Amino acid sequence: MPLEPHYAPISPWSAGLGCRCPRCGRGPLFKGFLDLAPSCTACGLDYGFADSGDGPAVFVILFGGFVVVALAFWVEVTFEPPLWVHALLWIPAILVVTLGLLRPFKGVMVALQYRNKAAEGRLDSHTP
């Protein structure tokens, strides 16, 4: 039985935010903007276990929406600009915030799945 090499534990936050392998912290996690690589190029970890689903998108929408809406309210109350200024400010802002956070949040979700050995739920088929 072949033994797998031991890797020092890596923080899922640092690995995820850095978009690096959750086992070794060196190999890239993504092959495209949001597409996971098939495996780590440094340690060979198969990323087939990872299924972040809609979790990262939900967190990004909640966090980004809170920040941008709070800023929009502050600008409205403080400066009372016309609507076209709001459109000019907040449409690009929400795009930058959401697209900028989506990849790191997905990396954190995958790293947390690896660390916690998360798997698809299964029901027991036998009954007593």
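Trainee: Where is K117 found, relative to α3?

Mentor: In this predicted model, K117 is found in the segment after α3, and the residue takes a positive phi of about 55° just after that helix.

Trainee: Is K117 buried or exposed?

Mentor: K117 counts as exposed, because its relative accessibility is 71% and the cut-off for exposed is over 50%.

Trainee: OK, on to α3 itself. How many residues does it have, and how far does it reach?

Mentor: Helix α3 covers residues 83–115, which makes 33 residues, and from its first C-alpha to its last it reaches 46 Å, close to the 48 Å expected at 1.5 Å a residue.

Trainee: And where does the kink in α3 lie?

Mentor: The kink, of about 30°, lies at L102, shortly before the proline P104. Both L102 and P104 are among the buried residues of α3.

Trainee: What do the buried residues of α3 pack against?

Mentor: They pack against α1, residues 12–17, and against α2, residues 55–79.

Trainee: Stepping back, how many helices and strands does the chain have?

Mentor: The secondary structure comes to 3 helices and 0 strands, so the pattern read along the sequence is α-α-α, with helices and strands taken as DSSP runs.

Trainee: What radius of gyration does the chain have, against a compact globule?

Mentor: The chain has 20 Å, whereas a compact globule of 128 residues would have a radius of gyration near 14 Å. Along its principal axes, the C-alpha trace spans about 70 × 45 × 20 Å.

Trainee: What percentage of the residues count as buried?

Mentor: Of the 128 residues, 29% count as buried. The chain exposes about 9000 Å², and carbon and sulfur atoms supply 67% of that area.

Trainee: Last one: what share of the contacts with a separation of 6 or more comes from residues 24 or more positions apart?

Mentor: Residues 24 or more positions apart account for 51% of those contacts in the chain.

Terms used: Residues numbered from 1 in each chain as written. Predicted model: local features only at pLDDT ≥ 70, side-chain atom pairs only at ≥ 80, totals over all residues. Heavy atoms only, no water. Helix = DSSP H or I, 4+ residues; strand = E, 2+ residues; numbered from the N terminus. Expected span 1.5 Å × (residues − 1). Bend = angle between axes of the 7 residues up to and from the residue. Buried < 20%, exposed > 50% of the residue type's maximum accessible area, 1.4 Å probe, protein only. Contact = heavy atoms within 4.5 Å. Rg over C-alpha atoms; globule rule 2.2 N^0.38 Å. Areas by Shrake-Rupley, 256 points an atom, 1.4 Å probe, with all protein chains shown as cover.
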